[in-house]
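Thank you all for coming; please look at the structure with me for a few minutes, and I will go slowly through some of its features.

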Amino acid sequence: MILACLFSTLDNVVTLSNAHGTIAVQTWPRLFLAASGLAAGLIFDLAERRYMGLVMLGIAVLSTISILAVEAGADPNLGLVVFYLSSGFFVTFFTATFTQLAPRMHVPAFWAGMGRAANNVCAFTTSGVSLALVTSDNVALIMIGALVLLVAACAAFVAAGLFRLPQTEQEREREQLAEEALAAPTIEEQRQAFIANHALTPREVDVLIAVTQDERPLKQVAEELGISMRMVQRHLSSIYQKTDTQTRAGLTKIFPSA
């Protein structure tokens, strides 16, 4: 919306100059629109839109300078040329931004083509303010307003991350590995799943953890658990049967451990 307001202010400067007969908007300036649209598409596609934010900041600065220059008495044709040069970049920026946004929406096909409509709506919403500013004949106020819009645009670009460079392939791989590590179940979750899948009883779980923790004798395990040696062997046999294993080594191998 800030960019649309800035651009509509430049539009009003050009339109009023044309209405007053200072300049004549003919066919030739529109050639700049076609050229800038193609240039914007090519530049924005470089390195996965790496330079889109910086380029649009440059266009915003150029538009602001042209507004200030024309209001300060420069040739209005300067504003006319900059207006059409900027038009292609603004249109392509809005289109590309909404195309990128579309896959995250509930109706992607609808939002993919909303860039130009959003631009027009924002321009319509803010044009009254910018027109009042331009027709005020207060050069100082116009300059302050244009600079405020430029600063606001810069702040919005930073907040939206448009100056953040895309990740390299190595950074993406590291981030993906980190996400996979966070998504992976913990050892405790794996153990609980193992216990549930094999329908182990609470006492069998105690025996399982004890015998897979290290290779201490079963007699010591029985003493620590406060049960007889025969009971430990009975529970262990049941665990072997449920887990389809035959030895402590085999049981230790399949039971999740840190």
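Is Ala199 buried or exposed? Ala199 is exposed, because its relative accessible area is 52%, where exposed means over 50%, buried means under 20% and partly exposed is in between, with a 1.4 Å probe and protein chains only.

Before I go on, this is a predicted model, in which local features need pLDDT of at least 70, side-chain atom pairs count only at pLDDT 80 or more, and totals for chains, interfaces and linings use all residues. Residues are numbered from 1 along each chain as its sequence is written, and side-chain values use heavy atoms, with hydrogens and water left out.

Ala199 sits in the loop between helix 9 (187-197) and helix 10 (202-213), where helices are DSSP runs of H or I with at least four residues, numbered from the N terminus. Although Ala199 is not glycine, its phi is positive, near 50 degrees.

Asp244, in the loop between helix 12 (229-243) and helix 13 (248-254), also has a positive phi, of about 60 degrees, without being a glycine. With a relative accessible area of 73%, Asp244 is therefore exposed.

Where does Tyr51 lie? Tyr51 is found in the loop between helix 2 (30-44) and helix 3 (52-71), and because its relative accessibility is 38%, Tyr51 counts as partly exposed.

How values were computed. Helices (H or I, at least four residues) and strands (E, at least two) are DSSP runs, numbered from the N terminus.
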